[in-house]
Amino acid sequence: MKKTLLVILLCAVASGCKQEKKADDNPTQMETVMMIHDEVMPKMGTLSKLVGELKAKVDTTAMGMKYEASMKELQGANMAMMDWMRGFGDRFDSDEILNGKALSSEKQVWLNEEEKKVKALKEQINSSIEKAEALLKE
């Protein structure tokens with residue numbers, strides 16, 4: 001539990017302590033990964049709100065079952081975000097995440113993996129929100 005809180009705090013600090021970069025600077029791979037995280041992290045509140053709205057509509061009817069499936073998809077996206085942050089925090093230290101500390105060759109391989117994971121996570125979160133919002137409009 002402490003590790004999860006540390007990862008969440010670390011991510012919050014990372015997004016709040018970014019230095020201004022010149023417009024012509026390209027982000028590092030670590031910065032790109034963190035930018036994707038920072039883009040989807042605020043959507044966790046929307047995700048939770050939608051879970052609440054869907055939960056109130058779940059019943060044994062066909063439509064109620066659609067609400068339940070959508071709710072479970074949102075909950076899965078939320079769990080995927082928590083798991084990703086925990087795993088990311090286990091692999092990298094704060095100097096690597098926040099200060100651009102050089103990565104070992106093994107950690108570079110891990111960063112490549114994490115970039116793929118966070119891009120898939122972004123798609124999962126956005127897709128589950130989009131589907132839930134569409135379902136609630138039906």
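Student: F88 and F92: buried or exposed?
Tutor: Both F88 and F92 are buried. Here buried means under 20% relative accessible area, exposed over 50%, and partly exposed in between, with a 1.4 Å probe and protein chains only. Keep in mind that this is a predicted model: local features need pLDDT of at least 70 and side-chain atom pairs count only at pLDDT 80 or more, while totals for chains, interfaces and linings use all residues. Numbering starts from 1 along each chain as its sequence is written, and side-chain values use heavy atoms, with hydrogens and water left out.

Student: What do the rings of F88 and F92 form?
Tutor: An aromatic pair that is tilted, 4.9 Å centre to centre with 45° between the planes. For Phe, Tyr and Trp (its six-membered ring), rings pair if their centres lie within 6.5 Å; planes under 30 degrees apart are stacked, over 60 edge-to-face, and the rest tilted.

Student: How many aromatic pairs are there in the whole structure?
Tutor: Two. In the other one, the ring centres of W84 and F88 are 4.8 Å apart and the planes sit at 25°, so that pair is stacked.

Student: OK, the core. Which residues touch the most other members?
Tutor: L47, L54, L74, M81, W84, F88 and I125, out of 29 residues in the largest nonpolar core. That's a set of buried Ala, Val, Leu, Ile, Met, Phe, Trp, Tyr and Cys residues joined through side-chain atoms within 4.5 Å. Helices 2 (29-40), 3 (43-55), 4 (62-91) and 6 (105-137) each give two or more residues to this core, and helix 4 gives the most, with nine.

Student: What is L47 in contact with, leaving aside neighbours within four places in sequence?
Tutor: L74, Q75, A77, N78, I125, S128 and I129. Contact means heavy atoms within 4.5 Å.

Student: Switching to helix 2: which residues are buried there?
Tutor: M30, V33, M34, I36, H37, D38 and V40. T32 sits in helix 2 too, but T32 is partly exposed at 21% relative accessibility. Beyond neighbours within four places in sequence, T32 is in contact with P27 and E115. T32 and V118 are 86 residues apart in sequence, yet their C-alphas are 9.9 Å apart.

Student: And the overall picture: how many helices and strands?
Tutor: Six helices and zero strands. Buried residues make up 33% of the 138 in the chain. Of contacts between residues at least 6 apart in sequence, 72% join residues at least 24 apart.

Student: Which helix has the lowest mean pLDDT?
Tutor: Helix 1 (residues 2-16), with 48, whereas helix 6 has the highest, 97. pLDDT is the predictor's confidence in each residue, from 0 to 100. Residues 17-23 are below 50, and that stretch has five contacts beyond near neighbours in sequence. Where pLDDT is low, the predicted coordinates should not be read in detail.

Student: What does the chain average?
Tutor: A pLDDT of 87, with 83% of the residues scoring at least 70.

Definitions and conventions:
Helix = DSSP H or I, 4+ residues; strand = E, 2+ residues; numbered from the N terminus.
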